[in-house]
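Please keep the sequence and the structure in view while reading.

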Amino acid sequence: MDVDFVTVPSSNHASPTGSLPFVIPASSTTEASTLDTVTPISSNKLADWASQNGHVTKQESENMRYDIYMSLLDHRIRNGWLHTLYLVPANFNAVARRLYIEPSTSSSPVRYALSNTLQAAALAEILRSSTSPVVDIDALYRESDNAFSAVSELLGDNDWFFGEDMPGLLDAAVFAYTHLLLDELMGWKTAEEKLGEGLREGRWKNLVEHRRRIYEKCYQ
């Protein structure tokens, strides 16, 4: 996207949809009352917003195919992510508690309340896309695996999705999951981390290489 921007540290809890990335459009004024009324642009609306405010690549302009694969990320893979991070006790304690709970307060009662709030929100989000009142864990991870397989098949032997010369929104969205799932600094308890098994076991080698290319291009 040919749009000027500035990045700031954030978390998915600051996003209007609960997922990253999101954009806060620039305002012509810095008055607080005006900034408070600016509507953030969520990740699933970035392509449409970019088409009106800058340049989009072929992958974002092919709306039907782009929307289908973004939907896989926003629902099937994200549901697996929410379960892995918040509802698997070993990972919640090792990752979510360390990253979200402990830095926010030293009060044990507040930490307990925040933990319950985050876990309840994750469960509600997962159940929102289900017809069952309980989470079918096997089905959830099977759908996540199928989504990763579809995304891997789409990438094929290309460096970037849709054969582009440069990474686009779908590349960034996929990297947001693959990088964190493979990042050893996250501290995942891998025996309890089913979502990243296929990446670690080499089932989607092209997604692992895709993650490496983006990391080297944008972060080194």
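Histidine 179 counts as buried, at 15% relative accessibility; buried means under 20% relative accessible area, exposed over 50%, and partly exposed in between (1.4 Å probe, protein chains only). The model is a predicted one, in which local features need pLDDT of at least 70 and side-chain atom pairs count only at pLDDT 80 or more, while totals for chains, interfaces and linings use all residues. Residues are numbered from 1 along each chain as its sequence is written, and side-chain values use heavy atoms, with hydrogens and water left out.

Histidine 179 belongs to helix α8. Helices (H or I, at least four residues) and strands (E, at least two) are DSSP runs, numbered from the N terminus. Apart from its neighbours within four places in sequence, histidine 179 is in contact with Arg211 and Tyr215, where contact means heavy atoms within 4.5 Å.

Two packed helices are described by the angle between their axes and the distance between the axes. Helix α8 (residues 169–182) packs with α10 at an angle of about 100 degrees, and their axes are 9 Å apart. Axes are lines fitted to C-alpha atoms, for helices over the stretch in contact, and angles run from 0 to 180 degrees between N-to-C directions. The helices α8 and α10 are therefore roughly perpendicular to each other; angles under 35 degrees count as roughly parallel, over 145 as roughly antiparallel, 65 to 115 as roughly perpendicular and the rest as oblique.

On the α8 side, the contact is made by Asp171, Val174, Phe175, Thr178, His179 and Leu182. On the α10 side, Leu207, Val208, His210, Arg211, Ile214, Tyr215 and Tyr219 take part. By class, this contact of α8 with α10 has 8 nonpolar, 3 polar and 2 charged residues. Here Ala, Val, Leu, Ile, Met, Phe, Trp, Tyr, Cys and Pro count as nonpolar, Asp, Glu, Lys and Arg as charged, and the others, Gly among them, as polar.

**Salt bridges**

A search of the whole structure finds 8 salt bridges, a salt bridge being a side-chain nitrogen of Lys or Arg within 4 Å of a carboxyl oxygen of Asp or Glu. The table lists some of them.

| Residue | Partner | N to O distance |
|---|---|---|
| Glutamate 193 | Arginine 200 | 2.6 Å |
| Arginine 212 | Glutamate 209 | 2.8 Å |
| Arginine 212 | Glutamate 216 | 3.0 Å |

Glutamate 193 is buried, with a relative accessible area of 0%, whereas arginine 200 is partly exposed at 34% relative accessibility.

Arginine 212 and glutamate 209 both lie in helix α10 (residues 205–219), 3 residues apart, about one turn of the helix. Glutamate 216 is also in helix α10, 4 residues from arginine 212, again about one turn. Arginine 212 is partly exposed, with a relative accessible area of 34%. Glutamate 209 counts as partly exposed at 35%, as does glutamate 216 at 39%. Elsewhere, salt bridges that share partners join Arg78, Glu125 and Arg128 into one network.

**The chain as a whole**

The chain has 10 helices and 0 strands. Buried residues account for 40% of its 220 residues. Among contacts between residues at least 6 apart in sequence, 65% join residues at least 24 apart. The accessible surface of the chain is about 12,700 Å², of which 52% belongs to carbon and sulfur atoms; accessible areas come from the Shrake-Rupley method with a 1.4 Å probe, and for residues only the protein chains shown count as cover.
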